[in-house]
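Here are some notes for a first look at this structure. They take up side-chain pairs, then pockets.

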Amino acid sequence: MKNTVKKLTLVALFLSTITLSAQTKVIAHRGYWDTPTNAQNSIQALQMAAKIKVYGSEFDVSITNDGILVVNHDSDIQGIDIETNSFSTIKNLKLKNGEKLPTLEEYLIEGKKYPNLKMIFELKPHKSKENEDRAVLASLKLVKKLGVENQVEYISFSKNICEQFKKHNPNSHVSYLKGDLTPEEAKQMNFTGIDYHFSLFTKNPTWIKDAQNLGLIVNAWTVNNENDMQNLLDKKIDYITTDKPEMLQKLIK
């Protein structure tokens, strides 16, 4: 009798582990910035994402003309183009919450303090392949130097950037954002996943399951409506990226 109970308990634990691993994961879009006196892509937004225990915090990266990687969504900050200017030109510019524009190194060092938090690293398309390629190499070098390779997952709207990440680090987690590849095409390009606007999964209702059957990770962005969240949860999507991470967490519980 005791052995039977023990076996049943082990089976229950195994099944619960499978359920947990299959649960949709929450990614805070540009960090959890939608809080008082906060700003998108700020260190504070990263800290808030860690505080509410989401799976990942997404952020955006560009490279300056002298090779410094910085965290900012737009290609410019306060009207100054990042890619064609030196870091010294923009380093003292402030975010909306008063923080100084963070370098990627500063951001990753802060993220390393929260080992259970994935850092969803979006490398922005650049004006030339040369700049994209050097941004990829600089990113991989910095991530390795800081010892956060297992914490970082890469995403990009640029096919070239995604290809370069896989070329130089075949084991890296790389998902494509633009939405112009079928799951089969993304698999053929050796990407880890597809990370598309949620509307594409409405237009192509088999893509989530098709991608998962191919071994791809599937994410949808940027999902801020409860009904849209629930629809994707019902389809058992792997990740959802949202500006409303606590809303999504309540639906998952």
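Is Lys-145 buried or exposed? The points below start there. Keep in mind that the model is predicted.

1. Lys-145 counts as exposed, because its relative accessibility is 59% and the cut-off for exposed is over 50%. Its salt-bridge partner is Glu-105, at 3.2 Å from N to O. Glu-105 is partly exposed, with a relative accessible area of 30%.

2. Helix α5 also holds a pair of its own: Lys-129 and Asp-133, 4 residues apart, about one turn of the helix. Their side chains form a salt bridge of 2.7 Å, N to O. Lys-129 counts as partly exposed at 48% relative accessibility. Asp-133, at 18%, counts as buried, because buried means under 20%.

3. Another salt bridge joins the side chains of Asp-34 and Lys-244, with 2.7 Å from N to O. Asp-34 is in the loop between β1 and α2 (43–51), and Lys-244 is in the loop between β11 (239–242) and α11, so this pair ties together parts 210 residues apart in sequence. Asp-34 is partly exposed, at 34% relative accessibility. Lys-244 is partly exposed too, at 33%.

4. How many salt bridges are there? The count comes to 8. A network of salt bridges links Asp-60, Glu-122 and Lys-124.

5. Of its 15 lining residues, Gln-40, Asn-72, Asp-74, Leu-95 and Lys-96 are the closest to the centre. How does this lining divide by class, and what are the numbers of nonpolar, polar and charged residues? There are 4 nonpolar, 6 polar and 5 charged residues.

6. To go back over the pairs on screen, begin with Asp-34 and Lys-244, which lie in loops. End with Lys-129 and Asp-133, both in α5.

Note on methods:
Residues numbered from 1 in each chain as written. Predicted model: local features only at pLDDT ≥ 70, side-chain atom pairs only at ≥ 80, totals over all residues. Heavy atoms only, no water. 1 Å grid on protein atoms, 1.4 Å probe; cavity = no way out; pocket = protein on both sides within 12 Å on 5 of 7 lines; lining within 4 Å. Nonpolar A, V, L, I, M, F, W, Y, C, P; charged D, E, K, R; others polar. Salt bridge = Lys/Arg side-chain N within 4 Å of Asp/Glu carboxyl O. Helix = DSSP H or I, 4+ residues; strand = E, 2+ residues; numbered from the N terminus. Buried < 20%, exposed > 50% of the residue type's maximum accessible area, 1.4 Å probe, protein only.
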